Amino acid sequence: MNITSNIKREKIVQELSPKTFSKIGVYWVIALSIVCLIGLFAYIRQLNKGLVVTNMGDYVSWGIYISNFVFFVAISLVGSLITAIFRLANIEWSKPLTRIAEIIAVSAIFLASLIIIVDMGRPERLLNLALHPRLQSPIMWDVVVIGTYLIISVLLLYFPMIPDLKLLSKANTAVRRTWPQGIYKFLSSFWTGSSEQRKNNGHSITILSILIIPVAFCIHTVTSWLFATTYRPGWDSTNFGAYFVSGAFLVGAGGVVIAMYVIRRAYQLEHYITEAHFDRMGKAVVLLCFLYLYFNINEYLVPAFKMKKPEEAHLTQLFAGSFAPMFWFAVIVGMLVPILILINKWGRSPGWAFAASIMVVIGAWFKRYLIVTPTLLHPLLPMRDVPERFKHYFPSWEEWAIAMGSLAGAMLIITLFVRFFPIIPIQETITGHDEEEEKLI
Amino acid sequence: MKNKSENTRRSFLAKGLAAAFLASACNTKSNPFQPEDSVEPSGEKVRLLSVDGEIIEVDKAFLKPVPELPKISNESERIGIPDKKLVMVIDLSRCKNLKKCQEACNHMHHVHPGQSWIKVYGMKDADHTAPYWQPTTCMHCDEPPCVKVCPVDATFKRQDGAVLIDSDRCIGCRFCMAACPYSTRVFNWEEPLIPLEIAKQEYHCETSVPQKKGTVGKCDFCPDMVRQGELPHCVSACPNGVFFFGDMYEDSVTNGAETFRFTELIRDKAGYRLMEDLGTKPSVYYLPPVNRNFPYETGLKNEPDPTEASNHH
């Protein structure tokens, strides 16, 4: 290794090391924490009074908690797309994005697990799932696959980071003053960087990358089965697994573009997350938009062509009834406009790709709401002999507070991770540079 | 002939009511009431609360001590009553939306105010078909979608056909509510409003009492009444004999006054089940609303909002 490459190496370590928050960063963390605390306060109210603090009822027995859960499970799928599928396909350009995708996956799947407990009438009986499990229930399948996915995702976040942690524990950077280096040391204490260790670590990552793909397909397919295994119009669909998985990849890819943009701006990482990354991720998002649009057409056009009696009330309420504004918002803002932007070269510039991705993610959130609630308002027998408030649904302030608190919680985890851990893989970047130089020589 | 049977049914009901009331009111082991051999009216009246929530006067001689029923363990409650297959037949030609079934059921199970385990639908199948009243209980399906989806075995299917809920085990995920195509399940969104002495009782799957916050409730076919040789509360509360209850193995169903062979009744009156196409195989059968005892309109006066009754498929 010559002197110039050593200087370069120092420069990379300096640039990619975690940095302290700017003023905006501090405000951002405070704002997220406040939203989380309001959500926590609402949840304590719910624990005391019961689910009566929500506006759910005997007909709309699943509301914003469940749609928020589906949203979290969906967005977490991106971890497998970028870390595993792209890695196994030897796609080089996605390497700086792997850790962004993986931390989105870990935080989202963690919050998904929390929000499903929030929805339980008896959260203190959670252990019954282990004490009296019945394996034929799709909920049990969901518990198993989400637990597995969480563990694999954490490992996929950790294993590639070990060399970076070792590097940081030794590096003489600004970090030393602000973060107890003991944690880096602890997490990488066994790492010597020997060729055997590197080989083993590489193998482990490959095995995990292969494992996570079927598990990722399972988490969202099983989540779709929570609906598709019932008889209800709007849910009783064989299209649901593929429809959910495609939508999940879309919202996850959108989430990665948003995170890329924010992290790049906040940490001045223009050399590492380049315009080419936005261009390529933009292409991925537009492809996934088309894929999701395709499944949407299947999901709505086929039943609408037949207009079976139980489907009719449901579909007309979506297309032209009280849910129509939200439905068309999710289609137009969540899919069509992003396609029109991202299909152009100029639309894949960082700013436009960021804007289109925000549309994708917001549209996706409302899409999950549309999948859960309208169906429950059209039971197979008419609504009858219940209090009037059970015949319609709009979330209560507690439900909004808890849902927004969970979204803020996921963003807080990502923010704090970026603050304390290297979000762009340092060692891989150095190796990449060295290899390039070797080629030149 | 018909009058006579009505009379015996009434007195049977009164006794049943008194006994049922005592069953829920007296939990002490030492019973203050002495058994009486004769049923000669003593002239001494006692005021009791009926299943409909009304105060009624009953001669003291009719009061019977509550027999000490052996406590049934959760395990045997999950197995069911041996050698029985419970079945219900609902005769739609007799219903006029009196909702006495609903009142009795809600009262005896201490269902939270505003919610009901029995619902009486004003049905109209198509634009030019005749409307009719359709009471629904839990269908106690032989292929119960709710049981399939329960992750903790809190709702289960028994040998005798009943689908019951263990409120001490339910985690409140409400998947069963989403899965049930008959919308028969209700959820205790808050602490259910029940008398303290009832709320303190130990929960039993066969009585479904007391209902608990954060768990699901529904019609249980009253297996506790079956064990006592009595009819479910809805059956005995209906003055029009709409509900027939019985045992498929014995091939008989009764509404208290009339008894029929189940297979003959279903064959002769073309009985059917709700949403047969779903394959849920309900234990509740319906007799079509032909040759009706009452015109549909007589039931409308029991509607809170009469326009509401005829607005569905």
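**Salt bridges and the interface**

Modeller: D168(B) is partly exposed, at a relative accessible area of 37% (buried is under 20%, exposed over 50%, partly exposed in between, with a 1.4 Å probe and protein chains only). This is a predicted model, in which local features need pLDDT of at least 70 and side-chain atom pairs pLDDT 80 or more, while totals for chains, interfaces and linings use all residues. Residues are numbered from 1 along each chain as its sequence is written, chains are lettered from A and ligands numbered from 1 in the order written, and side-chain values use heavy atoms, with hydrogens and water left out.

Colleague: With which residue does D168(B) form a salt bridge?

Modeller: A salt bridge here is a side-chain nitrogen of Lys or Arg within 4 Å of a carboxyl oxygen of Asp or Glu. For D168(B) the closest N and O atoms are 2.6 Å apart, and the partner is K212(B). The pair links distant parts of the chain, 44 residues apart: D168(B) is in the loop between β7 (163-165) and α5, and its partner, in the loop between α6 (196-199) and β9 (216-217) of chain B, is K212(B). Helices (H or I, at least four residues) and strands (E, at least two) are DSSP runs numbered from the N terminus.

Colleague: R227(B) forms a salt bridge with E206(B); how many residues apart in sequence are the parts that the pair ties together?

Modeller: The closest N and O atoms of R227(B) and E206(B) are 2.7 Å apart. R227(B) is partly exposed at 34%, whereas E206(B) is buried at 2%. R227(B) lies in helix α7 (residues 223-227) and E206(B) in the loop between α6 and β9, so the parts tied together are 21 residues apart.

Colleague: How many salt bridges are there between chain B and chain A?

Modeller: One of the pairs is D119(A) with R174(B), the closest N and O atoms being 2.8 Å apart. K99(B) and D385(A) also meet in a salt bridge, at 3.4 Å from N to O. K99(B) lies in the loop between β3 (86-91) and α3 (100-109) of chain B and D385(A) in the loop between α16 (350-376) and α17 (397-420) of chain A, so this pair joins two chains. The count between chain B and chain A is four.

Colleague: Which three residues supply more of the area that chain B buries against chain A than any other three?

Modeller: Contact means heavy atoms within 4.5 Å, and 56 residues of chain B are in contact with 46 of chain A. The buried area, that is the accessible area (1.4 Å probe) lost by the two parts on being put together and summed over both, is about 4100 Å², with 55% from carbon and sulfur atoms. Of the area that chain B buries, 18% comes from I171(B), F175(B) and W189(B).

Colleague: How many disulfides does the structure hold over all chains?

Modeller: A disulfide is a pair of cysteine sulfur atoms within 2.5 Å. Over all chains, the structure holds zero disulfides. C170(B) has its nearest cysteine sulfur, that of C176(B), 6.3 Å away, and for C222(B) the nearest, that of C234(B), is 6.1 Å away. The total is zero.

Colleague: Is D279(A) buried or exposed?

Modeller: D279(A) lies in helix α13 (residues 275-306) of chain A. Leaving out residues up to four places away in sequence, D279(A) touches K345(A) and R348(A). With a relative accessible area of 11%, D279(A) is buried.
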